[in-house]
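Subject: Structure handover

Hello,

Here is the structure I promised to pass on. Please open it first, then read my notes below.

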Amino acid sequence: MTSIFTKIIRGEIPCEKIHESNHAIAFLDIAPYIFGHTLVVAKREEARLENLPSEEAAALMNFMQEIAGAVSQAYDGCDYNAFLYNGPDAGQEVPHLHFHIIPRPPGVMVNFRTRLSYTDDERQKTGSQIRACLKKG
Ligand code: AMP
C-alpha cells in the first residue's frame, strides 16, 4: 500500500535523511519522542516484517545496525531503544514497515506519550550530528 513513507522514498516529500541503501532508508521522525529519534524504513511497500523477503529483512537489519550505531555515537555512545509497531493493533499508524530508534542519554527521561517538534535549524543540526557518526565506506 502506498503510504507517506513511499512518497518520502520517492523524494516526493522532504525528510531529514540520515542514510539510504538499496532496500532501506533512514530519516528523522518528524515528531520525535526525543531529538535524534530516527526511523529505519523498508523501501518495499510492505507493512509487516514477516512479509518481507528474508534477504531484504537481513539487509534491513544490517542497515539498522549501522544507523543505530550512528544514533548512539551522536549522543556519546548512549543506549537506545529500537522497536517496531507491526500492524495497527500493535500501534502502527503508517502501514509501511519501519523501526524506531530512540536514543536514551543517561539521566534523560523520555515520555512515550508526548511528541516534540524541531525548528528547521534543530532538525538539520540533529541530522548532521547523526550523519557525521556514520562509519565511512
Ligand atoms: P507508527 O506507524 O506508529 O510507527 O508511527 C509512524 C511514525 O512516523 C510516527 O512516529 C510519526 O511521527 C512519523 N512520521 C509520520 N509522517 C512523517 C514524515 N513525513 N516524516 C517523518 N516522520 C513521519
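Start with D76. D76 sits in the loop between helix 2 (54–74) and strand 4. The model is predicted, so please read everything here as computed from it. D76 is not a glycine, yet its phi is positive, at about 60 degrees. Most residues other than glycine have a negative phi. D76 counts as exposed because its relative accessibility is 79%, and the cut-off for exposed is over 50%.

**Strand 5 and its partners**

Strand 5 covers residues 98–104. What does strand 5 pair with? One partner is strand 3 (residues 38–42), which pairs with strand 5 in the antiparallel sense over four bridges. Within strand 5, H98 stands opposite V41. Strand 4 (residues 79–84) also runs antiparallel to strand 5, and six bridges join the two. There, I102 of strand 5 is the bridge partner of N81. Strand 5 is largely enclosed by the rest of the structure, because six of its seven residues are buried.

**The ligand site**

There are 17 residues around the ligand. Which of them come nearest? They are D29, E93, V94, H98 and H100. A polar backbone atom of E93 is 2.7 Å from an oxygen atom of the ligand. For G91, a backbone N or O atom lies 2.9 Å from a ligand oxygen. R115 uses its side chain: a polar atom there lies 2.9 Å from an oxygen atom of the ligand. On its own, the ligand has 510 Å² of accessible area, and the protein covers 89% of that.

**D29**

D29 lies in the loop between strand 2 and strand 3. With a relative accessible area of 9%, D29 is buried, since the cut-off for buried is under 20%. A polar atom of the D29 side chain lies 2.9 Å from the backbone nitrogen of A31. Beyond its neighbours within four places in sequence, D29 is in contact with H37, T38, L39, H100, R115 and Y118. Among the contacts of D29, then, are H100 and R115. H100 is one of the residues that come nearest to the ligand, and R115 places a polar side-chain atom 2.9 Å from a ligand oxygen.

**Aromatic pairs**

How many aromatic pairs does a search of the whole structure find? The count is five. One of them joins F35 and Y118. That pair is tilted, with 4.4 Å centre to centre and 35 degrees between the planes. F35 counts as partly exposed, at 25% relative accessibility. Y118 is buried, with a relative accessible area of 11%. The pair of F83 and Y85 is edge-to-face, because the ring planes stand at 70 degrees with the centres 5.3 Å apart. Y85 is partly exposed, at 22% relative accessible area. Ring pairs also link Y33, F83, Y85 and F112 into a cluster.

**L116**

L116 is in the loop between strand 5 and helix 3 (120–131). L116 counts as partly exposed, with 37% relative accessibility. Which residues does L116 touch, apart from neighbours within four places in sequence? The list is I30, A31, P32, Y33, I34 and F35. Take P32 as an example. L116 and P32 are 84 residues apart in sequence, but their C-alpha atoms are 5.3 Å apart in space.

**T6**

Last stop: helix 1 (residues 4–9), which holds T6. Is T6 buried or exposed? T6 is buried, with a relative accessible area of 5%. Its side chain makes a polar contact of 3.5 Å with the side chain of H96. Not counting residues up to four places away in sequence, T6 touches M1, E45 and H96.

Best wishes

Conventions:
Residues numbered from 1 in each chain as written. Predicted model: local features only at pLDDT ≥ 70, side-chain atom pairs only at ≥ 80, totals over all residues. Heavy atoms only, no water. Buried < 20%, exposed > 50% of the residue type's maximum accessible area, 1.4 Å probe, protein only. Contact = heavy atoms within 4.5 Å. Pairing = 2+ DSSP bridges. Polar contact = N/O pair within 3.5 Å; in protein donor to acceptor, adjacent residues only side chain to side chain. Near = heavy atom within 4 Å. Areas by Shrake-Rupley, 256 points an atom, 1.4 Å probe, with all protein chains shown as cover. Phe/Tyr/Trp six-rings, centres within 6.5 Å; stacked < 30°, edge-to-face > 60°.
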